[in-house]
Structure formats: C-alpha cells, structure tokens
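Reader: I am new to protein models and would like to learn how to read one. Could you take me through some features step by step?

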Amino acid sequence: MRQSLTLWLRQALLSICLMMLTLSPALAHGEEEGLLEEPLVRVGLSEGQARVAVAISGGTGLIQDAESGRELGKVAAGQTLECSVSGSQVRCGKWTATALRLLPEGIGAYVFFNGQTWRGDLELRSWQGKLFVINRCRLDDYLYGVVPGEMPSNWHPEALKAQAVAARTYAVRQLGQYAGSHGLYDLRADIFDQVYKGMKQERPSTNRAIDATSGLIMTFDAEPIVAYYHSQSGEATINGTAMKGPKTAYPYLRGVPSRETGFKRWVVDSTPAELKRVLESKGGYKLGAITGFGPHPEDSGYVVVVHTEGLLEVPRNYLRGFYGRDRFQSPNFVIELTPTPSADARQPMSASTKIRFVGTGWGHGVGMSQHGALGYAQAGWDYRQILTHYYTGTELSIWFDMSLAHED
C-alpha cells in the first residue's frame, strides 16, 4: 500500500525605513529600504597548505601589512610571490608580518591564485600554525563567481535573477558565521557554503542578473533568511525540518507546489533490517524492533519510525544521508510497504517486508527549486513572484544602498 505525505503550511510584514534610495529597477510593493552599504565579504580559498604562490595579473600591485594597513612594497606585473607560514608570522617574498595583503592597482589588474584571477584582494594569515588564503571582495563581485556555477547561465533571465537574490541572501546571512572559531573568513569557496570559482566562472548573463538585483535580499521579520535552494523538487518542495529537524523549522521554509521543467525519478528498495541498521550505525539512534514506518502526519520534513521502544522522528535529509546520496537523490519520496504491516503497533514488521522509496527530484528539497524557478519564469513569473512563492511570508528588501554600490 502506498503511503504518502504532501503538506503545506505565515506570513510576516517587514518595515525597515531609513531614507529614499535611487533604485534600478524601481521598488515594487513589499520591497523595503535597507540599512547597510554593500558589505565586504571574506572568502576562504585555501587553508592548511605549507606553501602557496600568489601574483598580480594584468597590472601591478602592492603588499600591505594587513593589520596596520601600512604599505610594505610594490609587486610588478607577473611577479610571483612564494608564501609560507612560520608560527604566527606569514612570509611572502621578502616581506614578513602577522598578516599580509596583496592588492591590485589600476584598471585591469587582479590578484592571481591557484591558477585563476579573483576580484578584490588576497589576505594571507596564520592561525594555529596554518596558512590561510582569503579573498576579500564586494558582495556582488563574489556573486559573479558563484551564480553561474549554481544555475546554467543560458536559463531564463528571471530565473537567474531569483538565483542571484537567493545566493546574495545566503551570503549575507552567513557573514560572521566563523567568528566563534578562527574568524578569518565569512564563507568557504566550496559546497559547505556556495561554490565560488572567481572570474573564470563569470558569464555576461549572470552578471546582468546580479547587477539588476543589486542590494536586494529576502527577509523575514527584518532579518535575512536562510535561503536554501536546490536543483529539483518534483511536484513540491518540503519543510525546512527535512534538513536538520527543529534547527531548520523556519516559518518561511515551508513545502509549496513547484512547477518543475522536468522530473528526475528514482527508486530505492530496502528492508526493516537495513532501515534499523542505518539508523543505528549512521544516526546513533537506539531502536527496538521496527513495527511501523511512514511519512510524518503533520510535517513533510520528517519520516516516523515506530518501534517497540517508542517512536522516532527523523529529518528526511538525515535518512538520505544514512542510505547515501547516490541512492537517495532527494528527500522527496513516498514510502511503499509490502505487505502492509499489522495494525497492531506492538507487532514487529516481518523480516520479508519490502520497503520501497519512490522519489523525485535532486537535492535537499528545501527552499527554492532551481528547475521550478525556471518553470515559473517560462510561465511568465518575474523573480519577485518566484522568490516569495518559495520562501513563504518573506519580503524582498533592499539591504544596502544601491546608489553607493560599485563605485570605483
């Protein structure tokens, strides 16, 4: 018998008013005025390497003491600096300090590291005897190297704009996230945050989408939201609790219908014994004999395991991780049990019971579906409609003064 769960469940109003800003495009209803200038972001490009090489591409540069801002010397075009760390000191070429900063000078000059050019500058710092390479740049400069890696650059312009705002919102929300540890950067350049590949990844279409939405983020109760997004959701997204249970039970991460441009379908077969094994070995849960298993009756982010010692609610993405993401391609699945379990909740499932997960989509299933954003864009929605659909009860807000953005 097929058991399925499809539930959708707040709306809040934002009011942050400071001053009238010069905007392009003009403010639409619900877009409120922000508080900040465009923030500088610090992206961790490398950590723990014994030695790295940095340079200036397309012009000249200078070396600064990153703590005092004092200029230490000039770097010629094409000059490579070998950098290493010794205790609390960083050495690049002939210069040594607690932290060094390499800055480009002039039009067409960029910093060069790890085989590619980057906007902004590079900082080299020591922490616990490890060498860190950090790219400091403006928020939108960072997005130029993120958005085309997250969404194909030839997709509909409104979908690209939605992706730009979601990626910007995610970045703003994460600023300062590592303050409790090393505090040297705000974002990693990999899948732990957003994949960032610098200038080599930039495309004109995604740069236009970023520029067209500059300064805009999604907010809820005047705060940046956790703007999760994923590739495909199937017919609907699911609640944020699918990610980390109560830790991601945000009111704006609710399951909503999704207009997908295509469905990726998959099937995983399992047994009560395998289910118990992965829950205990991968999840650390302690279970009795499993007597029932199915979708949560009230929250699409969970599945429920009934066993002889009690009841267990498991976030769907946990289950995906326990079985392996190559098998479980998304948390959007229905559960089929053959034969149907006994109505007696005290009766363990038969060892021969077949558990089948029938799923659609790719990714964690929470927040904005990228293929869904494309589907809605092709149907005539603009990026504002797409974003407020996927992030329930949110507002599109101007978070920094666009009249000051991108001044050289």
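Reader: Let's begin with Arg42: is Arg42 buried or exposed, or something in between?

Author: This is a predicted model, so keep that in mind throughout. Arg42 counts as partly exposed, because its relative accessibility is 24% and the buried class stops under 20%.

Reader: Which side chain does Arg42 meet in a salt bridge?

Author: Here is the general idea: side chains of opposite charge can pair when their charged atoms come close. In this model the side chain of Arg42 meets that of Asp186, at 3.1 Å from N to O. Asp186 counts as buried, because its relative accessibility is 5%.

Reader: Where in the chain do Asp186 and Arg42 lie?

Author: Arg42 belongs to strand β2, residues 40-49, while Asp186 is in the loop between α3 (157-174) and β14 (187-188). The two are 144 residues apart, and the pair links distant parts of the chain.

Reader: How many salt bridges does the structure hold?

Author: There are 18. Another one joins the side chains of Glu67 and Arg125, at 2.7 Å from N to O. Glu67 sits in the loop between β4 (60-65) and β5 (71-75) and Arg125 in strand β12 (residues 121-127), so this pair ties together parts that are 58 residues apart in sequence. Arg125 is buried, with a relative accessible area of 16%.

Reader: Which salt bridge does Glu123 form?

Author: Its side chain meets that of Arg136, at 3.6 Å from N to O. Glu123 is in strand β12 and Arg136 in strand β13 (residues 130-138), 13 residues apart. Both count as buried: Glu123 has 4% relative accessibility, and Arg136 has 17%.

Reader: Which residues are linked in a network of salt bridges?

Author: Glu67, Arg101, Asp121, Glu123, Arg125 and Arg136 are linked in this way.

Reader: Let's turn to Thr213. Why does Thr213 count as buried?

Author: Compare its value with the cut-off: Thr213 is buried because its relative accessible area is 0%, and buried means under 20%. Thr213 is found in the loop between α4 (204-212) and β15 (216-220). Leaving aside residues up to four places away in sequence, Thr213 touches Lys161, Ala164, Val165, Arg168 and Tyr383.

Reader: Tyr383 makes me curious about α9. How many of the residues of α9 are buried?

Author: Helix α9, residues 383-390, is mostly covered, with 6 of its 8 residues buried. Those are Tyr383, Arg384, Ile386, Leu387, His389 and Tyr390. They pack against α3, β15, β24 (368-369), α8 (370-378) and β25 (395-398).

Reader: Which residue caps the N-terminal end of α9?

Author: Asp382 does, with a side-chain oxygen 3.0 Å from the backbone nitrogen of Arg384.

Reader: And how do I read a pocket?

Author: Rolling a probe the size of a water molecule over the atoms shows where empty space is left. In this model the largest pocket has a volume of about 1,100 Å³. Its lining is made of 30 residues, and Ile191, Asp193, Tyr228, Met243 and His364 lie nearest its centre.

Reader: Which element gives the most to the lining of the largest pocket?

Author: That is α7, with 3 residues. At least two residues each come from α2 (147-150), α3, β17 (229-230), α5 (241-244) and α7 (316-323). By kind, the lining of the largest pocket divides into 12 nonpolar, 11 polar and 7 charged residues.

Technical notes: Residues numbered from 1 in each chain as written. Predicted model: local features only at pLDDT ≥ 70, side-chain atom pairs only at ≥ 80, totals over all residues. Heavy atoms only, no water. Salt bridge = Lys/Arg side-chain N within 4 Å of Asp/Glu carboxyl O. Helix = DSSP H or I, 4+ residues; strand = E, 2+ residues; numbered from the N terminus. Buried < 20%, exposed > 50% of the residue type's maximum accessible area, 1.4 Å probe, protein only. Contact = heavy atoms within 4.5 Å. Polar contact = N/O pair within 3.5 Å; in protein donor to acceptor, adjacent residues only side chain to side chain. 1 Å grid on protein atoms, 1.4 Å probe; cavity = no way out; pocket = protein on both sides within 12 Å on 5 of 7 lines; lining within 4 Å. Points joined across faces, edges and corners; volume = space filled by probe spheres on them. Nonpolar A, V, L, I, M, F, W, Y, C, P; charged D, E, K, R; others polar.
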